[in-house]
Amino acid sequence: MSDELPSPDMSRTLDTPENAPLVSEWLLGTSAVLAYHLGKTDTARMIADVSSVEVRLWNTEYGHEGYRIVLVVEPSLYPTYTEPELDSIADVMRDVMWGSSKSIDELVARPSIPRLGPDWRRQVKNADGPKPSNQGRKVQLEPGHPVEDQLRFTNEWELDVYRVLRERQNTLPDSETIGIVPLGGMRVRGWTFEPDLLITYRGYAGVIEIDGPHHKGRAAADRSRDRLFLNAGVRYVDRLNVEEVSSRAEVEKFVDNFLTRLTR
């Protein structure tokens, strides 16, 4: 069985309900790979970070189909999708569409809309307050973000790994302690990231990423992100797939292996 994504049916309108989901993934994936092969690595990374694509029929004059493409991106990344970057993405996507009777007339970006939690007023009012606060962290207005030791976590999986790291931290003297930075903002060239857990230990920096179900289909984007961390001086990056973890002992083993490999 081939792992290649099927192409959408180009004989029908691309924004038909049955065609739209396939169009989104196919257009993003094909455009990212083409940009990579053309040497436009920054453009390829930006395409890989797009969460989804909205395709709307825009113009049917002169026997062709012109579409308006909306790139849906995470709010923290949205400011990086400036006009020059969008023009570069549009050029690649037009190359992908070349040869069909369909074209891209307009390409824009918009931020994805966060889920609204019941406590959003307090979160907004306390966003600049001292507690809880992570270095460089923007509060997300979504329900269920756990807080412990005045640190904020995206979900319980991150908190579980943090607790194991804290236990290991407590067994060490101050002269050899582990530094644990959940969701600390990190700026690399052209990108701002928030690693799930940035770890410092024995003079080395490492990153732990917690992959939940939402990471399905994002392997290429995750590899690009990991490579940027390594290029920025992070010594070791590892990922914990929560769907493959069934006990605390497995989390403890993952953390111990991470610390060993980080300092090896």
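Mentor: Buried means under 20% relative accessible area, exposed over 50%, and partly exposed in between, with a 1.4 Å probe and protein chains only. The model is predicted, so local features need pLDDT of at least 70 and side-chain atom pairs count only at pLDDT 80 or more, while totals for chains, interfaces and linings use all residues. Residues are numbered from 1 along each chain as its sequence is written, and side-chain values use heavy atoms, without hydrogens and water.

Trainee: What makes E167 and R168 a salt bridge?

Mentor: A salt bridge needs a side-chain nitrogen of Lys or Arg within 4 Å of a carboxyl oxygen of Asp or Glu. The N to O distance for E167 and R168 is 3.9 Å, so the pair qualifies. Both residues also belong to a salt-bridge network with R248, E252 and D256.

Trainee: What makes R239 and D226 a salt bridge, and which parts does the pair tie together?

Mentor: R239 lies in strand β11 and D226 in helix α6 (residues 219-231), so the pair ties together parts 13 residues apart in sequence. Here helices (H or I, at least four residues) and strands (E, at least two) are DSSP runs, numbered from the N terminus. R239 and D226 are both buried.

Trainee: How do you know that strands β9 and β10 pair?

Mentor: Pairing requires that DSSP find at least two bridges between two strands. Strands β9 (residues 197-201) and β10 (residues 204-211) have five bridges, in the antiparallel sense, so they pair.
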